[in-house]
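Subject: Handover of a structure

Dear colleague,

Please find below the structure that I am handing over to you, followed by an account of what was found in it.

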Amino acid sequence: MLIRQSSLALNIDLMVSAAVTLVFMITVQSLISVVYVWFQDKKQLLLMFIHWRLCLFIGITSVLGSIGWFTGASYQNAACVKALGQIEFFSPCF
């Protein structure tokens, strides 16, 4: 619900506001994750650089999923988006 409110608060095109909100959220999450890994186990950062292709694939697929969530939350009530997300495996039947 807060994502939808954040996106709508920008008062611009819904696709653009969803993208801006998504970029902000992913940036904040990435920074928090890097700081956490840095303090917990610095060796993991080295492993991430060594296996950068796998990390890139996981990052891209995560962003694609987030694009769907943020765009859906911008266009529709958050409860409807969440409900569809719970049955997304069956969504091609609709």
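**Helix contacts**

In helix H1, Ile3, Arg4, Ser7 and Leu8 meet Phe70, Ala73, Ser74 and Tyr75 of H4; contact here means heavy atoms within 4.5 Å. By class, five residues of this contact of H1 with H4 are nonpolar, two are polar and one is charged. In this classification, Ala, Val, Leu, Ile, Met, Phe, Trp, Tyr, Cys and Pro count as nonpolar, Asp, Glu, Lys and Arg as charged, and the others, Gly among them, as polar.

Please note that this is a predicted model, in which local features need pLDDT of at least 70 and side-chain atom pairs count only at pLDDT 80 or more, while totals for chains, interfaces and linings use all residues. Residues are numbered from 1 along each chain as its sequence is written, and side-chain values use heavy atoms, with hydrogens and water left out.

Helices are DSSP runs (H or I, at least four residues) numbered from the N terminus. Two packed helices are described by the angle between their axes and the distance between the axes. The axes are lines fitted to C-alpha atoms over the stretch in contact, and the angles run from 0 to 180 degrees between N-to-C directions.

Helix H1 (residues 2-9) packs on H4 at an angle of about 70°, and their axes are 8 Å apart. H1 is therefore roughly perpendicular to H4 (65 to 115 degrees; under 35 is roughly parallel, over 145 roughly antiparallel and the rest oblique).

For H2 and H3, the packing angle is about 125° and the axes lie 5 Å apart. H2 is therefore oblique to H3. Here Val37, Trp38 and Gln40 of H2 meet Lys42, Gln44 and Leu45 of H3. The contact of H2 with H3 has three nonpolar, two polar and one charged residues.

**The largest pocket**

The largest pocket has a volume of about 430 Å³. A pocket is an open set of points on a 1 Å grid over the protein atoms alone, where a 1.4 Å probe fits, with protein on both sides within 12 Å along at least five of seven lines. Grid points are joined across faces, edges and corners, and the volume is the space filled by probe spheres set on the points.

Its lining comprises 14 residues, with Ser30, Ser33, Met48, Cys55 and Gly59 nearest the centre; lining residues have an atom within 4 Å of a point. At least two lining residues come from each of helix H2 (14-40), helix H3 (42-50) and helix H4 (52-75). Eight of the lining residues are nonpolar, six are polar and none is charged.

Gly59 is placed in helix H4. Its relative accessibility of 28% makes Gly59 partly exposed (buried is under 20% relative accessible area, exposed over 50%, partly exposed in between, with a 1.4 Å probe and protein chains only). Gly59 and Val16, 43 residues apart in sequence, are 21 Å apart from C-alpha to C-alpha.

**Individual residues**

Asn11 is found in the loop between H1 and H2. Its phi is near 55°, a positive value in a residue other than glycine. Asn11 is exposed, with a relative accessible area of 69%.

Ser17, in helix H2, is buried at a relative accessible area of 0%. Neighbours within four places in sequence aside, Ser17 is in contact with Ser7, Leu10, Ile12 and Ser74.

Leu54 belongs to helix H4 and is exposed, with a relative accessible area of 53%.

With kind regards
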